[in-house]
Amino acid sequence: MERVDSHLNKKLFVLLFTVLNIVNANLVHKKFEYKYSFKPPYLAQKDGSVPFWEYGGNAIASAENVRIAPSLRSQKGAIWTKTPINFDWWEVDIAFRVTGRGRVGADGLAFWFTQSKGAYDGDVFGSSDMWVGMGLFFDSFDNDGKHNNPYIMAVLNDGTKQFAHQLDGSNQLLSGCLRDFRNKPFPTRAKIEYYQNILTVLFHNGMTNNEQDYEVCLRAENVVLPKNGYFGVSAATGGLADDHDVIHFLTNSLHIPGQVPTVNAVPGEEQQKLTQEYQDYQKKLEQQKAEYRKEHPDEKEPDMDEWFETDNQRELRQIFQGQNNIFQVVRELNAKLDEIVGRQERTMSLISQTAGGVAPPAAPGQAPPPIGDTIRRHEVDAVFNNQKQIINSLGEIRQFVLELVTRSDTIINNQAKQPTAQVQSVGYDTQSLISEMRDGLNHVKQNVAQVAQKIDQSPSGCPSVSCVSVTSVLVIAVVQLLIILGYNIYRDNKENQAKKFY
Ligand code: MAN
Ligand code: CA
Ligand code: CA
């Protein structure tokens with residue numbers, strides 16, 4: 001019961017958190033801070049400078065990225081904002097690539113927000129130790145041999161602590177997560193948010209190019225960072241080396257609802273500085289143009305149209321981007337569909353297994369196999385066929401029985417008509433013969449009795465006429481009877497033999 005309650009509480013918490021996030025997202029005002037950002041194309045200018053940033057050590061900036069530390073042994077480099085920030089809360093999105101040919105690389109990359117700018121060749125991932133503020137370290141190399149790198153961690157410092165490089169800062173970190181960020185197909189990304197003293201780090205593992213694929217790495221409350229600090233990125237290699245490239249650094253200031261700065265509220269002094277900066281850049285550009293013309297007097301004035309895209313080019317680019325987006329969406333849908341199909345197939349096979357016997361997978365375009373104890377089409381057909389066969393057999397049996405009946409009827413009739421048939425075991429003639437014999441014998445008996453009576457009535461002594469004795473008469477009668485019986489048996493035998501042929 002308690003477990004159910006805690007589960008429910010967790011769910012409610014997640015729901016509340018999501019709702020709060022949505023409400024926050026709708027209310028928090030974001031402003032892009034170009035002076036604390038860099039991105040391609042034209043990330044670095046021709047002279048190699050990155051506007052509003054300063055870099056040093058082994059760092060090299062190009063039009064496409066800033067290589068903070070190259071894949072050579074013992075390199076250190078860093079890039080820092082020129083000016084401190086003038087807002088309290090912020091969100092920074094950095095896209096970077098840590099690449100190297102080794103199975104293990106080193107040493108890693110650091111994102112900084114500190115009270116003052118750090119060094120360009122320091123001891124902590126290429127920048128200064130004993131910093132005041134926060135360092136977010138992407139530590140590739142497992143110095144303490146705990147098999148827990150690459151690791152991402154936030155470390156706070158009040159300027160008093162030395163970073164324990166050999167322990168990978170394991171006793172100093174505020175919070176962190178174990179994530180691989182080396183050699184990914186797309187740039188890895190981190191979104192670092194500092195809003196109302198809550199520090200949140202989201203990480204994108206670079207396995208897709210999808211903006212939605214961030215996941216939480218760490219979240220810490222009651223974090224106090226310096227006011228008006230500097231942003232920086234540094235990197236270092238050691239005995240092992242990776243390339244450490246930052247592709248973009250995009251800063252947004254975050255403003256609590258009701259405290260949103262008015263758009264034109266640029267202080268006069270600031271405005272003047274900006275105008276001055278702009279004019280300086282313009283001058284520099286003109287100078288460079290003049291120098292170029294001097295060096296290449298034969299060359300025509302470059303066609304300015306080539307420098308900018310035409311309407312058609314822009315339209316084409318937009319179409320291309322739109323198509324790319326559509327392609328991306330279709331690919332995601334495809335992946336989801338594959339996942340659904342996979343799940344369905346797994347469920348089907350599980351169900352058919354539990355129902356007894358594994359069903360064959362459905363061929364594409366066919367109906368999926370039936371589940372549970374429902375009957376299948378081919379089984380229905382088989383039942384119908386069996387039924388048909390049974391009906392046919394029954395018809396044949398009926399026919400056979402009818403034929404048997406008629407035949408037996410015929411036989412009975414024939415037997416009734418034929419006096420020799422076995423129904424009458426004794427022949428008709430024999431019966432009449434026997435009754436005739438019985439009658440004859442009775443007649444003989446009567447005669448004998450009459451004779452005996454006459455003898456009794458007559459005076460004693462033998463009659464004058466000669467007479468046959470009784471014994472002789474009886475012997476004659478028995479002989480007669482035996483002859484008749486013998487004849488009868490002989491005839492029956494003959495008839496039986498004849499029937500066998502019939
Ligand atoms: C050497 C040293 C370490 C470093 C590793 C990995 O051992 O330079 O400081 O972390 O190589 O590069
Ligand atoms: Ca390390
Ligand atoms: Ca470690």
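**Notes on the predicted model**

1. Ligand 1 is surrounded by A106, D107, F141, N143, H165, G238, G239 and L240, where a residue is taken as near a molecule if one of its heavy atoms lies within 4 Å of it. This shell divides into three nonpolar, four polar and one charged residue; Ala, Val, Leu, Ile, Met, Phe, Trp, Tyr, Cys and Pro count as nonpolar, Asp, Glu, Lys and Arg as charged, and the others, Gly among them, as polar.

2. This is a predicted model, in which local features need pLDDT of at least 70 and side-chain atom pairs count only at pLDDT 80 or more, whereas totals for chains, interfaces and linings use all residues. Residues are numbered from 1 along each chain as its sequence is written, chains are lettered from A and ligands numbered from 1 in the order in which they are written, and side-chain values use heavy atoms, with hydrogens and water left out.

3. Polar contacts (pairs of N or O atoms within 3.5 Å) to oxygen atoms of ligand 1 are made by a polar side-chain atom of D107, at 2.6 Å, by one of N143, at 2.8 Å, and by a polar backbone atom of G238, at 3.4 Å. Of the 300 Å² of accessible area that ligand 1 has on its own, the protein covers 65% (Shrake-Rupley method, 1.4 Å probe).

4. The mean pLDDT of the chain, the predictor's confidence in each residue from 0 to 100, is 77, and 63% of the residues reach 70 or more. Confidence is lowest in helix α1 (residues 2-27), with a mean of 48, and highest in strand β7 (residues 108-114), at 99; helices (H or I, at least four residues) and strands (E, at least two) are DSSP runs numbered from the N terminus.

5. Over residues 415-434 pLDDT stays under 50, and the model has twelve contacts (heavy atoms within 4.5 Å) beyond four places in sequence for this stretch. Where pLDDT is low, the predicted coordinates should not be read in detail.

6. Leaving aside neighbours within four places in sequence, S175 is in contact with I152, M153, A154 and L218.

7. The chain has seven helices and 15 strands, and buried residues make up 27% of its 502 residues.

Technical notes. Polar contact = N/O pair within 3.5 Å; in protein donor to acceptor, adjacent residues only side chain to side chain. Buried < 20%, exposed > 50% of the residue type's maximum accessible area, 1.4 Å probe, protein only.
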